[in-house]
Structure formats: C-alpha cells, structure tokens
Amino acid sequence: MTSYRSLFRTPEFTPLFLGSAAQTAAQTVGGLALATLVYRATGSPLLSAVSMFGPSLAQVLGATFLLSGADRLPPRTALSAIALVFAAGTAVQALPGLPVAAVFAVVLVLGLVASLGGGVRWGLLNEVLDRGGYLPGRSLFNMMSGLMQITGFATGGALLAVLSPRVCLLLAASLYLTAALVLRLGLTARPPRTAGRPSPSATWRTNALLWSSRPRRLTYLGLWLPNGLVVGCESLYVSYAPHAAGTLFACGAFGMFAGDVTVGRLLPPAVRRRLATPLLLLLATPYLVFCAYPPPAVAAVCVTVASVGFGASLVQQERLMDLTPAELAGHALGLHSSGMLTLQGASASLAGTVAQLTSPAVGMTVMAAGSVCVTLALATAARRSPAPQPEPAAAEACRGRSRSSARPGRNSAAVRRGRA
C-alpha cells in the first residue's frame with residue numbers, strides 16, 4: 001500500500017498539498033471573520049450563518065453551469081486563477097461601508113467559482129498519483145483539512161479578539177495569494193484532460209452521462225445524503241452546548257482524523273471495500289443518543305465515535321473512480337464535491353429549522369435517524385442493482401476528445417467496465 005511519505009516524493013503532490021492547505025486556512029479564518037462582521041452589522045444569526053454557508057449552497061449552481069471546466073481547463077492555470085479570485089473577493093468584502101447585499105453578492109460569486117475548484121483539484125490529484133495512490137492521497141488531504149480547520153478557527157478566534165473582522169479578512173486574502181503563488185510555481189503546465197470549451201451545455205451533457213449509470217448514481221447519493229444529514233447534526237453543537245461547542249468540534253475533528261488514517265492507510269483494499277455501509281451507519285447512529293439529552297462528556301464521546309464514520313467517503317470515492325472514465329475524473333469528483341457541500345448547507349438549514357421548532361437535541365436526533373434510513377435504503381438498492389454495463393466512450397458522448405496518454409493501469413475501457 002502506498003505510504004504517506006512516498007506521496008510527498010511524487011512530483012506536484014507537495015505544491016498541490018501546500019496550496020490547498022493555505023486555501024483551507026484562508027477559508028476558515030475568512031469565514032469566521034465574515035460571519036462576525038455580518039453579525040455585528042445586522043444582529044441576525046440567520047444572515048451570519050448564511051454568510052458562512054452561502055458559498056456551499058451556491059455550489060449547486062456551479063455544478064449546473066460551470067463544472068465542465070474541471071476537465072477542459074489547464075489545471076495549473078485554473079487553480080491559480082481560482083485562488084486569485086478568492087483573494088480579490090475576500091479583499092472586497094473587507095472594504096469599509098460595503099453594503100450587506102454586496103457582501104452576499106460576492107459570497108455567491110465565490111461559491112460559483114468554488115464549485116469549479118474542487119473538480120480541478122481532485123481531478124489533478126487523480127492524475128498525479130498512480131492507481132494505488134489516490135485513496136491515501138485523498139485521505140491525507142482530508143486529514144490536512146481537518147487540522148487546518150481546527151487551527152484556522154482557533155487562530156481566527158484569537159485574532160478577532162484583538163483585531164477587527166476587516167483586518168482578519170485581509171489576512172485571509174493574503175493566504176489566498178500565497179496559495180496562488182505556490183500553485184503557479186510548483187505545478188507543471190498540463191493540458192486539459194478533455195478537449196473542447198467549457199460551457200453550460202457541456203456541463204449538462206457530462207452531468208447527464210455521469211448520472212445515467214445506476215451504480216454511479218447510487219454512489220453519488222451515498223456520498224451526498226448520509227454525510228450531509230450528519231453535518232446538520234454538527235451545525236447544532238453551539239445551540240446544544242454553547243460552552244462545550246469547541247470541545248465537540250475538536251472531538252469531531254479527532255474522530256474524522258482517526259477514520260481517515262484507518263481507512264486510507266491501515267485497512268487492506270479487500271476489507272475496505274466492504275465497509276462503506278457500516279461506516280455510514282457508524283457516522284449517524286451515535287447521534288441517536290442525543291434524544292436522551294446526554295451531558296457534554298457523553299456527547300463528546302458520541303461525536304468522536306461517530307466522526308470515524310466520515311472515512312466512508314474515501315471508500316465511496318474510490319468506487320466512484322472505478323466507475324468513471326479517466327477523462328471525466330475531474331468533472332466526476334467536482335460533482336461529488338459540489339453536491340456534498342450543497343447538501344451540507346441545506347441540511348444545516350433544515351436542522352436549524354427543526355431545532356428552532358423543537359430543540360437542538362431533537363433536531364440532531366431527527367437528522368441522525370434520517371441518515372440511518374437513507375443509508376439502509378441505498379444499501380438495499382445497491383444489492384438489487386445489476387452489474388455495471390459497458391458504456392460508450394465518454395469523450396464521444398460529451399463531444400470532446402480525451403487525452404491519448406492515459407495513466408498506467410487506468411485505461412478508460414477498464415474503468416468503464418466498472419470494477420467494484
């Protein structure tokens with residue numbers, strides 16, 4: 001199995017990793033600063049929450065209109081440009097006297113751009129690493145993201161205690177500029193994976209092609225729904241235990257870290273492939289304990305155990321790549337990322353509504369029960385599905401030519417056969 005250390009000896013992995021780390025740090029510091037700025041200006045918890053979840057909710061529009069660019073743009077140029085757009089947008093949000101409506105307009109634009117970034121980044125990662133390297137590579141990115149979020153929120157909170165939100169936004173913009181520089185200088189100029197110009201029609205055609213396969217469709221739903229509903233549970237930490245919310249978030253990050261290490265590094269492939277459904281059930285089941293209003297110490301244990309189940313996404317992404325033609329890897333992973341973030345934002349809104357009408361504990365229990373039901377329904381549907389059938393060449397179906405230099409062991413015909 002590919003080791004984490006060997007990944008950093010792979011050309012382009014290190015700059016992609018460091019650039020993504022800088023962007024994650026910028027997102028956490030900037031998101032916290034923006035939510036604080038909006039709350040101080042409006043006094044509205046709803047608008048403050050939307051300022052953080054807005055980019056996630058806007059991803060559905062990007063997945064509908066822009067996602068074809070994930071495989072049709074040069075990766076280095078696209079990733080560098082996206083980081084620069086975020087730097088500019090974050091700096092604009094720091095302008096004194098900027099109306100709240102203008103702030104949300106910028107949030108919408110950045111959400112649309114972010115929907116393209118996930119597809120480009122993960123498609124490039126899938127291209128840079130060999131077949132056995134993608135899952136441990138993505139596992140390492142997930143661990144980095146969790147650690148950077150913890151560090152970013154802690155640092156952002158400390159900075160907001162001594163600096164204004166606008167200054168913190170400018171610091172976030174400088175992190176985005178750093179990411180753009182690292183990506184531009186560290187990555188190799190590669191041609192697009194698929195020929196043709198990005199367009200809404202190309203996005204729709206490729207989305208339709210990816211969605212037309214029942215095994216892929218079930219895999220996408222498994223990546224989006226159970227995960228999103230549990231994020232709805234997480235969104236209620238603050239209202240459930242205001243003085244222990246930080247502890248709960250930290251415990252969740254630790255559990256996610258443990259799950260990513262276990263699934264991405266320790267489990268053999270034969271075992272790993274059978275664990276998607278058990279891990280998704282583990283992700284939701286401990287939250288059912290919240291119906292008894294457990295004290296913070298018990299809640300922290302439940303959150304830690306449950307978060308190990310986030311490792312299921314690594315198993316599901318590996319299956320998605322097995323079911324997807326190599327020339328559409330970026331688009332497929334971008335659709336996963338956009339759909340997941342959209343469902344997380346929507347689930348947080350739904351959980352907040354339930355909690356508003358009942359209580360945070362009831363809201364968490366309802367969302368967890370929904371996640372369990374969805375997981376069991378998808379597992380039943382997958383067992384009843386026929387074996388994947390060969391499909392026409394993806395490039396022809398999308399009216400574009402694929403690159404002739406497929407990676408060793410990742411030829412399109414083999415991937416189209418949908419190995420489990």
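The chain exposes about 17300 Å², and carbon and sulfur atoms supply 69% of it (Shrake-Rupley method, 1.4 Å probe). This is a predicted model, where local features need pLDDT of at least 70 and side-chain atom pairs count only at pLDDT 80 or more, while totals for chains, interfaces and linings use all residues. Residues are numbered from 1 along each chain as its sequence is written, and side-chain values use heavy atoms, leaving out hydrogens and water.

**Exercise 1.** Describe the overall make-up of the chain.

*Solution.* Start with secondary structure: 21 helices and zero strands (DSSP runs; helices are H or I, at least four residues, strands E, at least two). Next, burial: 54% of the 420 residues are buried (under 20% relative accessible area, 1.4 Å probe, protein chains only).

**Exercise 2.** Work out how α11 and α19 are oriented.

*Solution.* Take the axes of α11 (residues 214-234) and α19 (residues 360-383): they come within 8 Å and cross at roughly 165 degrees (lines fitted to C-alpha atoms over the stretch in contact; angles run from 0 to 180 degrees between N-to-C directions). The two helices are therefore roughly antiparallel (over 145 degrees).

Notes
Parallel < 35°, antiparallel > 145°, perpendicular 65-115°, else oblique. Buried < 20%, exposed > 50% of the residue type's maximum accessible area, 1.4 Å probe, protein only.
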